[in-house]
Amino acid sequence: MEVVLAEHAGFCFGVKRAVETAFHAAKTGKNEGRPVFTYGSIIHNESVASRLVEDGAKEINTIEEILALPENAELIIRSHGVGKDVYDACERKGLSLIDATCPFVNRIHDIVAKQSQVGDVILIIGKPGHAEVEGTIGWSKTSPFVIDSKEDIAALPKEISKKNITVVAQTTYSLKKFEELVEILQQLDYNITVCKTICNATEERQGEAEELAKQCDAMIVIGGKSSSNTQKLFDICQKQCRNTYYIQTLDDLDFSVFESTSKVGIAAGASTPNYIIEEVLNRMSEESFAQMLENEQPTNIRPGQVVEGKVIQVKPDQLVVNINYKSEGIVTASEYSSTPVDLTTEVKEGDPITVKVVKINDGEGQVVLSRKRVAQEKVNKELEEAFNNKTVLTGKVVRILSGGLQVSVDDARVFIPASLVSDGFVRDFSSYMDQEIQFVITEYNPQKHRIIGNRKQLVEAEKAEKAAELFSNIHEGDVVEGTVKNITNFGAFIDLGGADGLLHISEMSWGRVDHPDKLFKVGDHVKCFIKEIHGEKIALSCKFDDANPWNGADEKYAVGKVVTGKVARMTEFGAFVNLEPGIDALLHVSQISKDHIEKPSDVLKQGQEVTAEVVDLKIPEQKISISIKRYEARQNGEAVAEDAGSEE
């Protein structure tokens with residue numbers, strides 16, 4: 001029977017973060033004599049919740065219980081999040097708070113709080129009564145509506161059609177069902193803004209489980225009975241595979257139903273611990289013939305057998321080993337390690353050593369042994385376990401290949417294709433040479449010498465986590481600092497530490513900017529403010545109000561004031577004179593001279609300095625008109641018509 005485990009099974013990063021935070025807090029609290037509580041179950045998994053209680057973290061579920069806690073208590077907020085009233089109660093009580101809310105859930109809270117504050121109607125697509133949905137409701141300033149079906153949409157009050165509506169979704173909601181409900185809403189005469197807040201990990205997990213179920217004779221879905229995302233996985237798998245079984249632990253599994261099954265798939269919810277998945281996977285997998293041989297007690301040595309020995313002689317190029325056989329064994333330097341080595345610097349007489357039998361007789365009555373092959377098998381097993389458990393590994397880049405990187409993990413070699421090194425195109429890999437990098441193994445086939453690593457997955461996950469954290473903390477109007485990542489004709493992209501913001505050329509300065517590279521270069525540190533957040537797009541600006549050159553312009557450039565500036569550009573009807581960065585004045589062709597002039601370029605040159613009198617000022621429109629003709633007339637003591645001014 002073939003058993004296939006879904007790639008994205010078990011804890012997502014948000015749940016893993018919450019569980020690790022909770023267990024660490026419980027352990028620390030117990031050691032320091034401080035009571036620790038969780039508001040609701042930290043995640044929807046009964047096994048984890050029970051272990052957490054055993055470690056000393058008690059569960060409470062009401063505001064009244066918060067207010068009755070001891071003064072030195074510590075409260076952990078669950079991964080699903082809670083309403084604002086819980087935070088307010090903790091603040092009133094003065095409790096020490098540990099917030100384990102998933103960053104993606106925090107982002108939904110921010111959206112709901114902000115949009116309800118401006119009067120939007122909030123529609124939450126999710127499961128009524130679910131912990132995350134209840135927490136989200138608690139951040140809305142208006143009365144939100146929870147949508148879980150077509151009937152819920154039909155029951156919405158008619159008066160909301162006259163208002164702006166913001167739609168969010170429970171992070172673990174079915175993507176397919178979310179899209180169906182959104183399509184119905186869009187067909188109505190509503191002014192809606194849809195925020196796609198379903199977690200990327202949820203989308204991947206659901207899509208992968210659906211494809212796996214199509215290929216299998218039976219499916220096992222592992223997760224807590226109260227886990228919404230596990231229930232959705234079960235529903236998705238059952239539609240593709242009739243023999244789908246929902247279990248919480250190995251004890252719930254009836255193995256007799258798989259007796260005539262050739263291929264079984266295993267999927268697990270985001271709140272399912274790895275140890276439960278491993279128990280089911282190991283029990284379902286048949287023990288191989290090679291494993292049975294390893295478990296037998298050997299009566300004599302044979303090629304391929306792993307034995308324990310003691311080093312009795314050390315030479316630079318070989319070891320003599322006593323393996324309690326009629327002949328000693330020999331380990332050459334090439335069979336000791338994959339890299340050149342002087343054995344006298346690595347081993348001394350009397351050292352224990354684990355070796356594999358290569359040949360019983362090398363022609364001279366000695367047994368040929370290998371330490372390297374034992375190490376390789378050990379690391380291969382570790383790599384296989386890392387592949388099955390999706391463990392993050394660290395290795396050193398030892399070779400740059402045309403198609404990617406070769407990474408060393410102990411004595412094993414892992415290949416990371418160019419497309420999986422980073423989340424973007426990498427032109428030159430030389431900077432990776434001799435560097436320690438982290439990756440996960442996404443393909444493991446040692447028989448074909450094919451062990452494939454994936455660094456891109458970790459980079460994307462880290463960026464997603466940073467982006468979620470960034471978006472949960474930033475707001476329009478916030479002053480931020482970042483680094484110039486890329487420059488284009490229309491602006492610069494600024495790395496804010498989790499997401500990029502666009503600083504458009506029109507927002508770079510109060511003055512005129514011919515091209516972004518005139519002001520910035522890649523790597524520059526930039527201080528700006530957030531002008532607008534639209535979904536995952538951030539618009540930035542460096543045009544701070546206190547630096548606005550039009551501040552005080554009503555005095556500096558009052559009608560009658562004499563000003564000096566340089567000709568910036570010319571048109572057929574006049575010239576624009578730059579008085580200071582950000583302020584250009586129009587010098588109409590009729591105001592250049594008392595003599596008739598056909599076009600400004602006949603008497604003026606770009607960059608020429610001119611002195612003129614302000615004849616018109618329109619602050620709201622940010623327009624100034626000046627006149628050389630009037631200025632020179634006054635200087636010559638000539639009469640000036642009071643209505644002389646700009647002509648457009």
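Let's start at a pair of neighbouring strands: β23 and β24 (residues 491-495) run antiparallel to each other and are joined by four bridges. One of the facing pairs is Asn486 with Phe493 in β24. The link from β23 to β24 is a hairpin of three residues. Keep in mind as you look around that this is a predicted model.

Phe529 has Ser541 of β27 as its bridge partner. The turn between β26 and β27 is a hairpin with two residues between the strands, and Gly535 there adopts a positive phi near 65°.

What do these strands build together? They belong to a closed barrel of five strands, in the order β23-β24-β25-β27-β26, and its pairing is mixed.

Now let's turn to another sheet, which is open. Four strands make it up, in the order β1-β12-β10-β11, and their pairing is parallel. The edges are taken by β1 (2-5) and β11 (244-247); each has a single partner strand, so one side of each lacks a neighbour in the sheet. The twist in this sheet averages 20° from one strand to the next. Within the sheet, β10 (residues 218-222) and β12 (residues 263-268) run parallel and are connected by five bridges. Met219, for instance, sits opposite Gly265 of β12.

Helices cover this open sheet as well. Helix α9 (residues 200-215) packs on the sheet and touches β1, β10 and β12, with a direction at about 165° to that of β12. Helix α10 (residues 228-240) lies across β10, β11 and β12, and runs at about 165° to β11.

How do α9 and α10 pack against each other? Their axes are 8 Å apart and the packing angle is about 30°. With angles under 35 degrees counting as roughly parallel, α9 is therefore roughly parallel to α10. Their crossing is right-handed. On the α9 side, the contact involves Arg205, Gln206, Ala209, Glu210, Ala213 and Lys214, which meet Lys232, Leu233, Ile236, Cys237 and Gln240 of α10. Sorted by class, the residues of this contact between α9 and α10 are five nonpolar, two polar and four charged.

Helix α5 (residues 103-117) and helix α15 (residues 456-473) have axes that come within 8 Å and cross at roughly 25°. That angle makes α5 and α15 roughly parallel to each other too. The crossing of α5 past α15 is left-handed, whereas that of α9 and α10 is right-handed. From α5, the residues Pro103, Phe104, Asn106, Arg107 and Asp110 meet Ala464, Ala468, Glu469, Phe471, Ser472 and Asn473 of α15. The contact of α5 with α15 comprises five nonpolar, three polar and three charged residues.

Finally, let's step back to take in the whole chain. The protein chain holds 17 helices and 32 strands. Its radius of gyration is 36 Å, well over the 26 Å that the globule rule gives for 648 residues, so the chain is more spread out than a compact globule. Along the principal axes, the C-alpha atoms of the protein chain fill a box of roughly 125 × 70 × 50 Å.

Key: Residues numbered from 1 in each chain as written. Predicted model: local features only at pLDDT ≥ 70, side-chain atom pairs only at ≥ 80, totals over all residues. Heavy atoms only, no water. Pairing = 2+ DSSP bridges. Axes fitted to C-alpha atoms, helices over the stretch in contact; angles between N-to-C directions. Contact = heavy atoms within 4.5 Å. Parallel < 35°, antiparallel > 145°, perpendicular 65-115°, else oblique. Left-handed = near helix turned anticlockwise from the far one by under 90°. Nonpolar A, V, L, I, M, F, W, Y, C, P; charged D, E, K, R; others polar. Rg over C-alpha atoms; globule rule 2.2 N^0.38 Å.
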